[in-house]
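Student: I have a structure to read. Please show me how to go through its features one by one.

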Amino acid sequence: MVASVRGFSGSKSNGLFINSCFAHCQSELPATWNGTPTIQNKRIAKSVGDWYFGRAEVKAIDCPYPCDNTCRNII
């Protein structure tokens with residue numbers, strides 16, 4: 001999957017937050033939007049906000065599955 005977004009990720013206007021959690025729709029729940037998972041101690045909400053408002057370039061890609069211990073067990 002990471003290889004398939006390589007071309008897309010080259011643009012500074014595109015942001016990425018790709019974690020190795022086994023869950024979909026992580027942005028719809030407050031617990032996952034404002035809490036965990038994190039990549040390099042940065043939550044999804046902070047990463048999206050930084051990218052959307054131009055505060056930082058966000059190209060957050062987690063380690064290969066299943067390595068992220070900040071994942072919540074939701075499916």
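Tutor: Start with contacts. Contact means heavy atoms within 4.5 Å. Among contacts in this protein between residues at least 6 apart in sequence, 55% join residues at least 24 apart. Keep the ground rules in mind: this is a predicted model, where local features need pLDDT of at least 70, side-chain atom pairs count only at pLDDT 80 or more, and totals for chains, interfaces and linings use all residues. Residues are numbered from 1 along each chain as its sequence is written, and side-chain values use heavy atoms, with hydrogens and water left out.

Student: How many helices and strands does the protein have?

Tutor: Helices (H or I, at least four residues) and strands (E, at least two) are DSSP runs, numbered from the N terminus. Here there are three helices and four strands. Their order from the N terminus is α-β-α-β-β-α-β.

Student: What does the radius of gyration of the protein agree with?

Tutor: The radius is taken over C-alpha atoms, and the globule rule is 2.2 Å times the number of residues to the power 0.38. For 75 residues, a compact globule would have a radius near 11 Å; the protein has 12 Å, which agrees. The C-alpha trace spans about 30 × 25 × 20 Å along its principal axes.

Student: What share of the residues counts as buried?

Tutor: Buried means under 20% relative accessible area, exposed over 50%, and partly exposed in between (1.4 Å probe, protein chains only). Of the 75 residues, 31% count as buried. Look at helix H3, residues 44-52. Its buried residues are Ile 44, Ala 45, Ser 47, Gly 49 and Asp 50. Their cover includes E1, H2 and strand E3 (42-43).

Student: Is Trp 51 buried, exposed or partly exposed?

Tutor: Trp 51 lies in H3. Its relative accessible area is 35%, so Trp 51 is partly exposed. Leave aside neighbours within four places in sequence. Trp 51 then touches Ser 13, Asn 14, Gly 15, Ala 56 and Val 58. Asp 62 is eleven residues from Trp 51 in sequence, and 17 Å away in space, C-alpha to C-alpha.

Student: How do I read aromatic rings?

Tutor: A pair of rings is described by the distance of the centres and the angle of the planes. Rings of Phe, Tyr and Trp (its six-membered ring) pair if their centres lie within 6.5 Å; planes under 30 degrees apart count as stacked, over 60 as edge-to-face and the rest as tilted. The whole structure holds three aromatic pairs. In one of them, Phe 22 and Tyr 65 have ring centres 6.3 Å apart and planes at 45°, so the pair is tilted. Phe 22 sits in the loop between strand E1 (16-18) and helix H2 (30-33), and Tyr 65 in the segment after strand E4 (59-61), so the pair ties together parts 43 residues apart in sequence. Phe 22 is exposed at 59% relative accessible area, and Tyr 65 is exposed at 55%. Trp 51, Tyr 52 and Phe 53 form one aromatic cluster.

Student: Which residues does a cis peptide bond with omega of about 10° join?

Tutor: That bond joins Thr 36 and Pro 37. Pro 37 is in the loop between H2 and strand E2 (38-39). The bond from Tyr 65 to Pro 66 is also cis, with omega near 0°.

Student: Where is Gln 40 found?

Tutor: In the loop between E2 and E3. Gln 40 has a positive phi of about 50°, although it is not a glycine. Asn 41 is in the loop between E2 and E3, with phi near 60°. Gln 40 is exposed at 76% relative accessibility, and Asn 41 is exposed at 75%.
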